[in-house]
Amino acid sequence: MTDETRTITGGCLCGAVRFSVLAEPIITRTCWCRLCQSIGAGSATVNVGFPSETFRVEGALSDYACVAESGSSMHRRFCPVCGTHLFSEAEQRPHLVFIRAGALDDPEIARPAMTIWTSTAPSWACIDPDLPQLDKGAPPPPPQP
C-alpha cells in the first residue's frame, strides 16, 4: 500500500452496518447468474472485488450460505435490520471479498469491466455490448502481492 491508497466506504440502507476498504478495486463485474438476479430483484448485480485483508466491517451481519452455480461455497452477507445485501465471500477464495456496488458510498468507483453469466440473463437484459461477456463465471483474480 502506498500513501495514496484511499479508504473506500459504504454500508447498508439503515446505517446499522458500515464497512471500509483500504485498497483500490481489483475487478468489477456485472453478474447475471440466477442467484444474483434474486439478490438484484430481477436485474444483475454489480460486484466489486477487493483484497479481503484490507476490509473492515462494523455492525452485525446475517449470513446466507449457499453453493453458487460455479460450485463455490459462498457466504452472502447482509444487514439483519434492513436486509441490504452488502458483500459475498467464497470459501475457496478467502483473499477476496466482492462488495455490491450499490452499498458503496461512491458507486462511481465501480465501473464494470465485464459481464458474467450471460447465459442465464433474461432476453430483456440490458447488457453493455462494449464489455467482454462470458456465458458462465469468470476465473477469480489472483491473490494480490
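Let me begin with Cys 33, which is buried at a relative accessible area of 7%, where buried means under 20%, exposed over 50% and partly exposed in between, using a 1.4 Å probe and protein chains only. This is a predicted model, in which local features need pLDDT of at least 70 and side-chain atom pairs count only at pLDDT 80 or more, while totals for chains, interfaces and linings use all residues. Residues are numbered from 1 along each chain as its sequence is written, and side-chain values use heavy atoms, with hydrogens and water left out.

Staying with the cysteines, the structure holds zero disulfides, a disulfide being a pair of cysteine sulfur atoms within 2.5 Å. For Cys 33, the nearest cysteine sulfur belongs to Cys 31 and lies 3.6 Å away. Cys 12, for its part, counts as buried at 10% relative accessibility.

Ser 43 is partly exposed, with a relative accessible area of 36%, and, leaving aside neighbours within four places in sequence, Ser 43 is in contact (heavy atoms within 4.5 Å) with Trp 32, Cys 36 and Gln 37. Its C-alpha atom is separated by 27 Å from that of Ala 60, 17 residues apart along the chain.
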